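Please read it with the sequence and the coordinates at hand.

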Amino acid sequence: MAKYVLHRLVVSALVMLGISAVVYFMLHLVSDSPGRVVLGQRVSPEAVAAFNHEHGFDRPVVVQYLDYLKQLLQGDLGRSYKLNENVSTLIAQNAGRSAMLSLAGLVLALAVAVPLGILQAVRRNGLLDRAATAVSYMLYATPSFLLGLVLIAVFSQQVGLFPAEASQSHSPWAVFTDPRAMTLPVITLAAGSVAVFAQHQRSSALDQLGQDYIRVARAKGLRERQILTRHLLRNACMPLITLVGTLVPTLLAGNVIVESLFNYPGLGLLFLNSLQREDYPLLLAYTLMGGLLTVVGNFLADVLVAAADRRIEVGK
Amino acid sequence: MRRHPLALAGGLLLLLVVGFCVLGPLLHPTNQTDVDLVDAALPPGGDHPLGTDTNGFDVLGRLMTGGRVSLEISLLAALVATTIGTLYGAVAGLAGGVVDGFMMRLVDVMLSIPFLFFVLILSARFHADALSLSLVIGGFSWLLSARLVRGEVLTLRVREFVLAAKVMGASRRRVILTHLIPNALGVIIVTVTFQVADAIIVVSALGFLGFGLTYPTADWGSQLASGVTYISADYWWLIYPVGACIILTVLALNLLADALRDAIGRPTSARS
Amino acid sequence: MDSQKNLIVRGLSVEIRRGDRLVRPVADVTLELGRGETLGIVGETGSGKSMTGLAIMGMLPAGGRVTGGSIELGGRDLLAMDPRRYRGGEVAMIFQDSLTSLNPTKKIVEQVAEPVRLHRGGSRRDARDRAREMLARVGVQRDGYPHQLSGGQRQRVMIAMALVCEPEVVIADEPTTALDVTIQAEILDLLDGLRAQRGMSMILITHDMGVIAQRADRVGVMYAGRVAESAPTADIFDRTRHRYTRALLASIPTLAQDKDEELFSIPGAPPDLARPEPGCPFAPRCDAATDECREELPPFNGTYACWHPVDGPVTSAGRERFQPGETSESGETLLRVVDLVREHPTGRRTVKAVSGISFEVAAGETFGLVGESGCGKSSLGRLLVGLDRPDGGEVVFAGERITRPRRAVQMMFQDSGAALDPRMRIGRILREPLAIHGIGDREERVRGLLDDVGLPESVLDRYPYELSGGQRQRVGLARALALDPRVLVADEPVSALDVSIRSQVLNLMRRVQAERGLSGVVISHDLAVVRYLADRVGVMYLGKLVETGTTDEVFGAAAHPYTAGLLAAVPEGERTGTPVRGEPPSPVDPPSGCRFRTRCALATEECATTEPPMTPVTGTHRVACHYPLREGRNG
C-alpha cells in the first residue's frame, strides 16, 4: 500500500509540474505584456519595454517560468498589480468561504445521490427509478445558473422564503451561521452534481448487482437489505469516488457560477473580477490552484479506492 | 426506433428546436438589429407573443436567432472536439506502448486543468465571435473523446474478428477502414451528441457570465444574462422562455445520445 | 419424517415473464433425492437444470415464479416457507466459479463466517473460528482477499461457504465447469468426501456426462425444461430408454471410443422456450419421431418420457467410418516449428508463454496440442498463423519462414460470435478473405463454401447475432477455408458450443479436412476432442512440450507422468491411475529443470537441476522426462 501511495504521489507531482507548465505558457501566450497591463494602453511602447526590462519580463519565457516555479515552491504566488496586494493574501482571504460552499454542496449532493442511485438500481424500472431518472435528465439539462435563477424567482421573489443574495459575512462558516442565506446557493451547487452522481451510482450499483457474489450472498440466506449494506454499498461506491476526484474542475466551475449568481464573495467572484481587470498574476494563481485541487482530488480518490479494494495495488 | 421511445422523443424534440431556429424567422420575421426603446420590456401579447426585452427586441424572434447561433457554435465545437479527440485517441490506441503512454499522460495533465477558466480568460481577452468561440470550446473539450476513442480502439484491436482479418492477410489500412472505424463509429456518434449538449451549456454559461458573444449577436446564454438584471422587475418572459429552450435542447440531445449508446451496446437491436 | 427421501420435487413448473415475453424454463419436473445420495441433473444450456436448482433455493430471477408443483424437504413444504429460513442453512448452493463469485473487497474468512452468524447466531469470533476450521478442511489455510486466490482455491472457498452450516442438501451448479480438468478432479473429490463424511445429500448440476457417470447415484436428464429420463446412473448409461439421452451419449467424444468412427450427431438445435410447440420437445430432432410425438406430449412415467423408448445405448452399426491412417502417412513435412519462444511482458514481469517448442506437421496430417489453461497453447497458435512474431526460433511453412499471416495457413477461432464482425452480414464476412486477396468469382465461391459447411444460402443476408452458435462456428470454418489454405489452425473449435452441437462441428471438421487433404493443428484443453480430431498429439506443460507421438501412443501408453495424470483426471467411466494434483506454477517464474517436477510424484533431485531432453520411447513416440513411465504401468 505504501508503495502504491508513493507511486501515485510521484505521478501526481509530475502531473502538477506538467499543469504548471501548460497553464503558464498558455497564459503567457494570450496575455498582454505585464508592462502594458500595469501601465495602461496610453503609455508609449518604450515605457512599457522599460518596465518589462526592469521587472525581468523581457527574459525568455522559459526562464520566467522557472523563476515563477521557484517562487511558487517558496509559497509566493506573485503580486497583483491591479489590487497592489500579494496574490496569496487575496486567495487566503477568500479560499475558506469558497471551500465551505463547495464542501456543503458536495456533501449534500452525495448524501442525496448515493442512496438514491442505489435505491434506483434495486428497484430498477420501478416508479421511483423512472421518476428519479426523469428528474436527473431535467437537472442535467439545466445549466446551474438557470436553476439558480428559477430558485431565486420562486423562493425569493414569489415566496420570499430565502434571500436572493448569499451571506456577505466574511466568515467561512456562513453556511452554518447564516443557513437561510446559504440555502439557495448550496442547493443550486448540489443540484447539478446530484443528477450526475445519482445516475452514475445507479449504473455502478446495477453493475455490482449483476455480479455473482450478490447471488452467492443471497444463497447464504441474507436479507436484501443486508446484501445492500454488507456487500453492495462498498463496491458500488468506488466508481463514484473516482468520479468525484476527476470532477473537481467541473465543481470549481460550478462555484464560479454560483458565487457570481448569488454574489457570494469567494474565489470564484475574485476570479471573475480579476478577469475584468486583466489581473493575470491572480488568474494564473487561481487556475494553477484549480489544477492542484484536481490533482489532489484524483490522488485522494485513487488512494481511497485502493485502500478499500486491494486489487488496485496489484493491478498497477 | 420503435424500441426506443425516448430516442424518438429526443429526435423529434431536436427536430422541433432546429426547425424553430431555422424556419421560425420565416414565419415570424422580426427586427433584431435596431434598438427600440419605445417598445421595450413589453409583456407578451399582440405583435409580440413573448413580449420584448429591455432593448425592444421581440423575444420570440430573438429566441430563434439566438438559438441558431447557440446550435451552430455547439455543433461546430462538438465536431472540432470529436475530430481532434478521435484522431488523437485512435493514434494513441493504434500506436500503443510508449507513444500511447505519453499521449495519454498528456491528456491526464490537460484534464486536470479547469478548462472553463481558460475559455473565460480567452473570451475576456479576445472579444469572441461565433467561429472563434466554437474553436476555443472545441479545442478544450476533445480530451474525453480522445480517451473514449482510445479505449474503444484498444478493445477492438484485440477482438477476435480483427485478429481473424489479420490472419486472412488484411492490411493495416483495411483493418482500420473496414473493421475498426465502422465498429468505433457508434461510440463516436454518441460522443458528438453528448458534446453538442455539453457545448450548449458551456456557451450559455459564458454568455451568462458576460464573456459570450458580443452585442448585438445574442445567444441563449447572453439573453438569459440580460434577463437576470431585471429579475426583481418581474420580467418573467425574459427568463423562462429562453431557459426552457436551453433545457429542452440539451434534454433532447442527451436522450438521443443515451438511446444511441444503448443501441450500440446491444448489437442484437442494431437493426430495429 | 420420510427417512428414505430427503428432498422431493413433484411436478415443478416455473415461468419467467420479462416484459411481454413469457418463458417456461421448468415444466412439470419431478425429482427425488435420497438421504446421503448424489442426484445428477444433466442437460444442455436452457434445459432448465440450473433454474430447477434456483427454484429449490427460492432464488428465481426477477419476473420468475413457481406456477405449480411442490418441493418438500424432510416432509416440510419449502414453497410455503420463507426461503431465507432454509436457504444457506439447511439447503446450500455452490455456483460455478467466476472471478466475481466472491466479494472482492472482503476477506474470505469473513465471507465464510457470514452464514454462520446468520443461521447459527453466536459471536463474531466463534463464527470466524468456525469459518477458519471449515476453510482448513477444504484446503485453504490462509486468510486473504479473493483476488489473491486461484480459480481452484476460490471454488474451495465457495464450498466452505456452502457447507459451513452443515446443510442437509447442497446444490452444486456446474461447480467445476470453469476449472481445468486436474483441478476439477480435486474439487469433485473434495465435495464427495465432505458429502459422505457429513451424510449430506447433493444435487450435482452439470452438462458433463463424465462427471455424472463418476459422481452421481441417480441421474435426471433434462431437455427443454422437462425431465426426459430419470434413473440410477448405471441404468442411464447401460439401459438408456429416452431417445434424447441415447443420442446425447452417442454424440460425446470419449477417450475410449473408436476414433475413426463418426460421432453420432443430433441435427438442429434445442427449441425456443418462449414458443412452445405441442408434442415431445425433442421430436423435431429425433430420428424416430412420429405424428404422435409431434402432437402429444409423452407423459413422464417415473423413468422416462418418450413414446418410442429404446433399450440400451446406441450401437455403432451403420455409422460412417473415416478412413484411418490414409492421410497421416502421406509424407512430406508441411509445417515445421523449431525452438519457438514467445514471452509477453506484463508490467515489470514477463510471462514465458512458449519456451522452446519444436514439432512438425506432415501434409494431410492433424497435430493436436493439449494442455491446461495457461500452458501457452493459445500463444503457440498465434505464432503458427503469424499473428505474433516469436522471440526466438521459427515457424517454417513449406520451406519458408512465417513472419506474418499468410494465405496458406488459416485459423478457426474458439468463439465465432466474437470472431465475426458484428456489423457485417455473413455474405460480406465470407467474401472478405477473397476480397483481400483479389480472388474473383466471389459469389460462386461463397456459395460453394456454404455448401461445404452445410449452411443454407439464406444465411448470407443475416448478421452473426442472428445465427445460432453452431451456425456461427460453421461460418468461421467456411471463412477459414475460403482461401484454400493448406494448414488449418483451430483453437478450441468447439469449447463454446453445447454438447449436442459439438459433434456436428467435429464431424464437419473431420470431413472437410479429409476431403481437402488439409493439414491441421487443433488446440484444446479437451483431451477427447483432440483425440478425435488429431493423428498426432503434443502435450504442453508451462510453455514446453513434454510428450509427442501418435494419438494412440500418447493416449494409449502415456510415457510422461503429466500426460498420465491428465488422462487419469478426465472424468470418464472407471477411474484409473492417479490424477495430477495441485495447481500449475506461474509461467512468470517457472520451476528449474523439469517444469512439471513440482507436481510430479516421481520427481528427484535430478529433475530440479537438469531439464530432461526430448528422447524417443518408441519410433514416433517421444517424451521429455528423466523417469518415463513404461507401457501399462499407468494410464
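Chain A has 15 helices and 2 strands in this predicted model. Its C-alpha trace spans about 85 × 55 × 30 Å along the principal axes, and buried residues account for 43% of the 316 residues in the chain. If one takes the contacts in chain A between residues at least 6 apart in sequence, 70% of them join residues at least 24 apart.

As for confidence, the model scores ipTM 0.86 and pTM 0.87. For chain C the mean pLDDT is 89, with 96% of its residues reaching 70 or more.

Within chain A, one helix pair can be described in some detail. Helix α7(A), residues 144-158, packs with helix α9(A), residues 179-209, at an angle of about 140°, and their axes are 9 Å apart. Why do α7(A) and α9(A) count as oblique to each other? Angles over 145 degrees would count as roughly antiparallel and those of 65 to 115 as roughly perpendicular, whereas the angle here is about 140°, and α7(A) and α9(A) are therefore oblique to each other. The crossing of the two helices is right-handed. On the side of α7(A) the contact is made by S144(A), L147(A), G148(A), L151(A), I152(A) and F155(A), and on the side of α9(A) by L184(A), I187(A), T188(A), A191(A) and G192(A). By class, the residues of this contact comprise 7 nonpolar and 4 polar, with no charged residue.

Turning to the contacts between chains, the one between chain B and chain A takes 32 residues from chain B and 34 residues from chain A. On the side of chain B, the elements that give two or more residues are α4 (97-111), α5 (115-125), α9 (172-209), α10 (220-229) and α11 (240-265) of chain B, and the largest share, 9 residues, comes from α5(B). The contact between chain C and chain B takes 21 residues from chain C and 17 residues from chain B. Here the elements of chain C that give two or more residues are β16 (409-412), α11 (416-419) and α12 (426-436), of which α12(C) gives the most, with 3 residues.

A398(C) has a phi near 45°, a positive value in a residue other than glycine, and A398(C) is found in the loop between β14 (392-397) and β15 (400-401) of chain C. L542(C) likewise has a positive phi, of about 45°, although it is not a glycine, and L542(C) lies in the loop between β19 (536-541) and β20 (544-550) of chain C.

Is each of these residues buried or partly exposed? A398(C) has 16 other C-beta atoms within 10 Å and is therefore partly exposed, while L542(C) has 25 other C-beta atoms within 10 Å and is therefore buried, given that a residue counts as buried if 20 or more such atoms lie within that distance.

Key:
Residues are numbered from 1 along each chain as its sequence is written. Chains are lettered from A and ligands numbered from 1 in the order in which they are written. This is a predicted model: local features need pLDDT of at least 70, side-chain atom pairs count only at pLDDT 80 or more; totals for chains, interfaces and linings use all residues. Axes are lines fitted to C-alpha atoms, for helices over the stretch in contact, and angles run from 0 to 180 degrees between N-to-C directions. Helices (H or I, at least four residues) and strands (E, at least two) are DSSP runs, numbered from the N terminus. Angles under 35 degrees count as roughly parallel, over 145 as roughly antiparallel, 65 to 115 as roughly perpendicular and the rest as oblique. A crossing is left-handed if the near helix is turned anticlockwise from the far one by less than a right angle, and right-handed if clockwise. Two residues are in contact if their C-beta atoms, placed from the backbone, lie within 7 Å. Ala, Val, Leu, Ile, Met, Phe, Trp, Tyr, Cys and Pro count as nonpolar, Asp, Glu, Lys and Arg as charged, and the others, Gly among them, as polar. pLDDT is the predictor's confidence in each residue, from 0 to 100. A residue is buried if 20 or more other C-beta atoms lie within 10 Å of its own, exposed if 12 or fewer, and partly exposed in between; C-beta atoms are placed from the backbone.
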